[in-house]
Amino acid sequence: MPIVSIKDTTKVFEVNKDEILYDSLYDRGEELPHGCLSGSCGACRVDVVSGKENLQPPGVIEQNTIEALKDEFTKLHGSDFVKEKEIRLSCRAKVIGDVTIIPIK
Ligand code: FES
């Protein structure tokens, strides 16, 4: 079973393969930041610090929201901020292997 870790914490969760990242942690008592839970608001954004290949590729809705977030972050923090991050939406990303994440505030 895949392991999801939250960076800079001791939080480590064993989850089911193909579970949605947000749902998998919520069901195990960890509530990540969120809003719409449908892929459009971007409030559930996380930086995948390792194991990005262990999330299924983003669909169109998630990809569009990620691109909008990148534009917003570039305006706020500069382009290096975006280049250093692997942004995914926890309410859309399916876990297929071990990942380490950190919510982006
Ligand atoms: S909670 Fe809105 S995009 Fe995930």
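The following questions and answers examine how the descriptions of this predicted model rest on its computed values.

Q: What makes the protein as compact as a globular protein of its length?
A: The protein contains three helices and five strands, and along the sequence these follow the pattern β-β-α-β-α-α-β-β. Its radius of gyration is 13 Å, close to the 13 Å that the globule rule gives for 105 residues, so the protein is as compact as a globular protein of that length. Taken along the principal axes, the C-alpha atoms fill a box of roughly 40 × 25 × 25 Å.

Q: Why is Asp-23 called partly exposed?
A: Asp-23 has 16 other C-beta atoms within 10 Å. A buried residue needs 20 or more and an exposed one has 12 or fewer, so a residue in between is partly exposed. The count of 16 for Asp-23 therefore places this residue in the partly exposed class. Asp-23 belongs to helix H1, residues 21-26, and its C-alpha atom is separated by 15 Å from that of Val-12, 11 residues apart along the chain.

Q: How do you know that the span of helix H2 agrees with its number of residues?
A: Helix H2 (residues 60-77) has 18 residues, which at 1.5 Å a residue should span 26 Å; the end C-alpha atoms are 25 Å apart, and so the two values agree. After H2 comes Gly-78, with a positive phi near 95°.

Q: What puts the buried residues of H2 on the same side of the helix?
A: The buried residues of H2 are Glu-62, Thr-65 and Ile-66. They cover an arc of only 105° around the axis, and therefore lie on the same side of H2. These buried residues pack against strand S4 (87-89). H2 itself lies across S3 and S4, and runs at about 135° to S4.

Q: Which residues are exposed on the other side of H2?
A: Val-60, Glu-67, Asp-71 and Lys-75 are exposed there.

Q: What makes S2 and S4 the edge strands?
A: The open sheet has five strands in the order S2-S1-S5-S3-S4, with mixed pairing. S2 and S4 each pair on one side only, and they are the edge strands. From one strand to the next, the twist averages 35°.

Q: How do you know that S1 pairs with S2 and with S5?
A: Two strands pair if there are at least two bridges between them. Three bridges join S1 (residues 3-6) to S2 (residues 12-14), which run antiparallel, and three bridges join S1 to S5 (residues 99-103) in the parallel sense. In the hairpin of S1 and S2, with five residues between the strands, Asp-8 takes a positive phi near 65°.

Q: What makes S3 and S5 a pair, and in which sense do they pair?
A: S3 (residues 45-50) and S5 pair over four bridges in the antiparallel sense. Four bridges meet the requirement of at least two, so the strands count as paired. Val-46 stands opposite Pro-103 in S5.

Note on methods
Residues numbered from 1 in each chain as written. Predicted model: local features only at pLDDT ≥ 70, side-chain atom pairs only at ≥ 80, totals over all residues. Expected span 1.5 Å × (residues − 1). Arc of directions from axis to C-beta. Contact = placed C-beta atoms within 7 Å. Axes fitted to C-alpha atoms, helices over the stretch in contact; angles between N-to-C directions. Rg over C-alpha atoms; globule rule 2.2 N^0.38 Å.
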